[in-house]
Amino acid sequence: MKDLKSKIEQYRKEFEEAVSEVRDSAALQKLRNLYLSRKKGYVAGLMDQLKTLPNEAKRDAGQLINTFKDHIQAELQKLQDTFQKQKKYVKAVDLTLPGTKCYWGAPHPLRVFQEKMEDIFLRMGFSIEDGPEIETDYYNFEALNFPPHHPARDDWDTLYINDDLLLRTHTSPVQIRVMEKKKPPIRIIIPGKVFRKETPDPTHAPMFFQMEGLVVDLGITFADLKGTLDFFLKAMFHNKIKIRFRPSFFPFTEPSAEVDISCTVCNGKKDDCRVCGGTGWVEILGAGMVDPQVLKNVNIDPEKYSGFAFGMGIDRTAMFEYQIPDMRLFYENDLRFIREFSRK
Ligand code: FA5
């Protein structure tokens, strides 16, 4: 009897160790066979031993063996239940299926393009300024030489918040705000959002982006303006476009010009091109020498200082860099379009 008791103790110890090592159903079955197999299992061996005991010891010994057997069965059942649950889970999550694709966020193509433009100007020694999108009539028009009722205001019609406040129609009012605070030398760019009463078409949007440039210093001439824009456009388009200056009119520059680049959408080869109208050229910016009256408006002496300014459409220019035939694509938020420009 003593012998049997210590054997059960020994088996129990070994069982506890072995059961903690079981990781899968195959190992579980192996352990079950070792202990519970009808012919060669340890429990069957104990039963054989039981038969050799005197009758008066058989009852207690039999109970001990049964308790041990129950314990083994219960532990093995627990493990089996755990494995079954895991099996179900593995079935529910089919790891062989392709995962749900997760897209990285990316800056908007116009933002990427704006930064490219800024980089070129920063290399030329320009710094970046900013101004409000809700502007007063004074900064948007009057200080830039558009008196009330001047017909040129019609080209820059916009949304008015009240008689004096409006959504700015160009980035030029920031020229005035900067010149009121800083004295020459001034060499700045002003990227930002602008608004106009405009019917959308492939090259026009009612809300778009401009980049203003302003240089005021001693001895600045039209040659500086041409050189700066020429350098910028050649750097931007890797010398792949032609550039032309046309005489124009802006109330705040004199003389004034508009700058066109050759149409990269049709390369001047399509008479019905919706972007250049078949002319082969598209206007991307207005520019000129700062009008002496504008300098006077901000207390800069026009006898001593001169300057040039330009205002370039960021969306319009981006269209030609990316050869996009319709500006509205930038604003439709079609992810298939936007992802084409993702940096990843
Ligand atoms: C102006 O806005 C002047 N402030 C530019 C300027 C600045 C002239 C400094 C002289 C000195 P304009 O309205 O032409 O000018 O606009 C300038 C550029 O903005 C255009 O050449 C074009 O590239 C872009 N642009 C104008 N209207 C739209 C529009 N509706 N949608 C998209 N881009 C536009």
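## Terms and source

Two strands pair if DSSP finds at least two bridges between them. Helices (H or I, at least four residues) and strands (E, at least two) are DSSP runs, numbered from the N terminus.

This is a predicted model, in which local features need pLDDT of at least 70, side-chain atom pairs count only at pLDDT 80 or more, and totals for chains, interfaces and linings use all residues. Residues are numbered from 1 along each chain as its sequence is written, and side-chain values use heavy atoms, with hydrogens and water left out.

## The sheet

An open sheet with mixed pairing is formed by 7 strands, in the order β1-β4-β5-β9-β8-β7-β6. Its edge strands, β1 (127-128) and β6 (243-250), each pair on one side only.

Strand β7 (residues 253-262) pairs with β6 in the antiparallel sense, over 7 bridges. Arg246 has Glu258 in β7 as its bridge partner.

## Helices on the sheet

Helix α8 (residues 222-237) packs on the sheet and touches β6, β7, β8 (281-290) and β9; contact means heavy atoms within 4.5 Å. The direction of α8 makes about 30° with that of β9. Axes are lines fitted to C-alpha atoms, for helices over the stretch in contact, and angles run from 0 to 180 degrees between N-to-C directions.

Helix α5 lies across β1, β4 (186-195), β5 (207-218) and β9 (305-313), and runs at about 10° to β5.

## Helix against helix

Helix α5 (residues 109-123) also packs with helix α10 (residues 314-322), at an angle of about 95° and with the axes 10 Å apart. That makes α5 roughly perpendicular to α10 (65 to 115 degrees). Residues making the contact include Phe113 and Met117 of α5 and Ile314 and Tyr322 of α10.

Terms used
Angles under 35 degrees count as roughly parallel, over 145 as roughly antiparallel, 65 to 115 as roughly perpendicular and the rest as oblique.
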